[in-house]
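I opened a new structure today and kept notes as I went. Here is what I looked up.

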Amino acid sequence: MKPRPGRLPFARRIPLMPEPVGMVLNVLVVSAAIVLVRVAWLGAVVFRRRRKGLCVKCGYPIEASAPRCPECGSAYPASAVQSRA
Ligand SMILES: [Zn+2]
């Protein structure tokens, strides 16, 4: 079948070989999106744990008398400890 003038044949319209520049741009854009979603997710987890008075590292409830998390042993600032009066 002879292609119509002005149109590429069907086999020429489908990209069968990777476009190097497009492939690199796709990898960069998708990687950046994955990193941004991950950072936003971790930021939301830290924010939620601080707001609820939990250990930022493991999520265990912080005790006011302990300078370190009783579950994972990570130190937390005194400002993070909420009084449970
Ligand atoms: Zn902990």
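**Notebook: helix α2 and beyond**

I started with the length of helix α2, residues 20–52, in this predicted model.

Next I asked how many of the 33 residues of α2 are buried. The count is 0, so I noted α2 as hardly covered.

I stepped past the end of α2 and reached G53. Its phi is positive, near 75°.

I went on into the segment after α2, where I found A64. Is A64 buried or exposed? I counted 11 other C-beta atoms within 10 Å of A64. Exposed means 12 or fewer, so A64 is exposed.

I also compared A64 with G53, which sit 11 residues apart along the chain. Their C-alpha atoms are separated by 10.0 Å.

Last, I looked at the whole protein. I found 2 helices and 0 strands. Of its 85 residues, 5% count as buried. Among contacts with a separation of 6 or more, 5% come from residues 24 or more positions apart.

Notes:
Residues are numbered from 1 along each chain as its sequence is written. This is a predicted model: local features need pLDDT of at least 70, side-chain atom pairs count only at pLDDT 80 or more; totals for chains, interfaces and linings use all residues. Helices (H or I, at least four residues) and strands (E, at least two) are DSSP runs, numbered from the N terminus. A residue is buried if 20 or more other C-beta atoms lie within 10 Å of its own, exposed if 12 or fewer, and partly exposed in between; C-beta atoms are placed from the backbone. Two residues are in contact if their C-beta atoms, placed from the backbone, lie within 7 Å. The expected span of a helix is 1.5 Å times one less than its number of residues.
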